[in-house]
Amino acid sequence: MRVSVIILDKSRKYLILITRVKENKQYDVLPGSQVEAGESSLNAAIREIKEELAIEMNASDTIDSLNYEDYCLFVVKTKRTIGPLTIDGEELQRSHSNNRYHPRWIIVEDSRKMTIFPEFDFDLVNQVIN
């Protein structure tokens, strides 16, 4: 199973996306990964946010979760305001000229117009955010 996380700033107006540039293709992804053996979906989400973005998250930061066929999407609100983001962990180690990760804050409403992987039902997420 895969977990993905919509990370909101404290105002709930911005979320974090990671723009991937891989072999001259560019696309946007939500932070996340596969759930490891013996790990809960929520623990996998918390682990991935810390590993990918060096952001500390607690279970209490979770606003809601949405279950899809093969993955779980968590919505979390951080105490952070928008500002610089960095890539950390395996993504940092795997980064090179043909494989780059660019985390960025975007306006929540702007994400409605984007193709983000994995795909999700933004109308459901919008209900949770508001």
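Colleague: Which glutamate meets the side chain of arginine 94 in a salt bridge?
Modeller: The model is predicted: local features need pLDDT of at least 70, side-chain atom pairs count only at pLDDT 80 or more, and totals for chains, interfaces and linings use all residues. Residues are numbered from 1 along each chain as its sequence is written, and side-chain values use heavy atoms, without hydrogens and water. A salt bridge here is a side-chain nitrogen of Lys or Arg within 4 Å of a carboxyl oxygen of Asp or Glu. At 3.4 Å, N to O, the partner of arginine 94 is glutamate 90.

Colleague: How many residues apart are arginine 94 and glutamate 90 in helix 2?
Modeller: Helices are DSSP runs of H or I with at least four residues, strands are E runs of at least two, and both are numbered from the N terminus. Arginine 94 and glutamate 90 both lie in helix 2, separated by about one helical turn, so their spacing in residues is 4.

Colleague: How many residues apart in sequence are the parts tied together by arginine 47 and glutamate 36?
Modeller: Their side chains meet in a salt bridge at 3.6 Å, N to O. Arginine 47 lies in helix 1 and glutamate 36 in the loop between strand 4 and helix 1, so the separation in sequence is 11 residues.

Colleague: Is arginine 47 buried or exposed?
Modeller: Arginine 47 also meets glutamate 39 in a salt bridge of 2.7 Å, N to O. Glutamate 36 is partly exposed at 45%. With 15% relative accessibility, arginine 47 counts as buried.

Colleague: What volume does the largest pocket have?
Modeller: A pocket is an open set of points on a 1 Å grid over the protein atoms alone where a 1.4 Å probe fits, with protein on both sides within 12 Å along at least five of seven lines. Its volume is the space filled by probe spheres set on the points, which are joined across faces, edges and corners. For the largest pocket this comes to about 360 Å³.

How values were computed:
1 Å grid on protein atoms, 1.4 Å probe; cavity = no way out; pocket = protein on both sides within 12 Å on 5 of 7 lines; lining within 4 Å. Buried < 20%, exposed > 50% of the residue type's maximum accessible area, 1.4 Å probe, protein only.
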